[in-house]
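This report covers aromatic contacts and nonpolar packing in one protein model.

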Amino acid sequence: MDLAAERLLAADREGEKIAVEVKSFLNSSAITDFHQALGQFLNYRLALRKLEPDRKLYLAVPEDAYRKFFQSSFAQDSVAEYGLLLLAYDPFDEVLTRWIN
């Protein structure tokens, strides 16, 4: 998969195989970042289902983007519609701040 400047990490969490797609949300438009992240997430999830069907894909977003964008009804509807599994992280300390799903 072409990951460009973003990262896709594989890990185990409590015996569950996961992959984490890390997005930065650095553009001035959160909706633009979300559209790009959603498209890539859906493509990666499709590819991952063929390569490792027992691995779940999570989308990691900065804590600030989670609080400001992902609380909107549009974002929440999209998360539900597309079955996104989300994580929030602190981009400065590079640590997960919460598991949302």
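The model is predicted, so local features need pLDDT of at least 70 and side-chain atom pairs count only at pLDDT 80 or more, while totals for chains, interfaces and linings use all residues. Residues are numbered from 1 along each chain as its sequence is written, and side-chain values use heavy atoms, leaving out hydrogens and water.

Seven aromatic pairs are found in the whole structure. Rings of Phe, Tyr and Trp (its six-membered ring) pair if their centres lie within 6.5 Å; planes under 30 degrees apart are stacked, over 60 edge-to-face, and the rest tilted. Tyr-58 and Trp-99 make an edge-to-face pair, with 5.2 Å centre to centre and 90 degrees between the planes. Because Tyr-58 is in strand E3 and Trp-99 in strand E5, this pair ties together parts 41 residues apart in sequence. Strands are DSSP runs (E, at least two residues), as are helices (H or I, at least four), numbered from the N terminus.

Burial is under 20% relative accessible area, exposed is over 50%, and partly exposed is in between (1.4 Å probe, protein chains only).

| Residue | Relative accessible area | Class |
|---|---|---|
| Tyr-58 | 3% | buried |
| Trp-99 | 33% | partly exposed |

One aromatic cluster includes Phe-25, Phe-34 and Phe-70. These three are also among the residues with the most contacts inside the largest nonpolar core, which has 20 residues. Such a core is a set of buried Ala, Val, Leu, Ile, Met, Phe, Trp, Tyr and Cys residues joined through side-chain atoms within 4.5 Å. Helix H1 (30-51) gives the most to this core, six residues.
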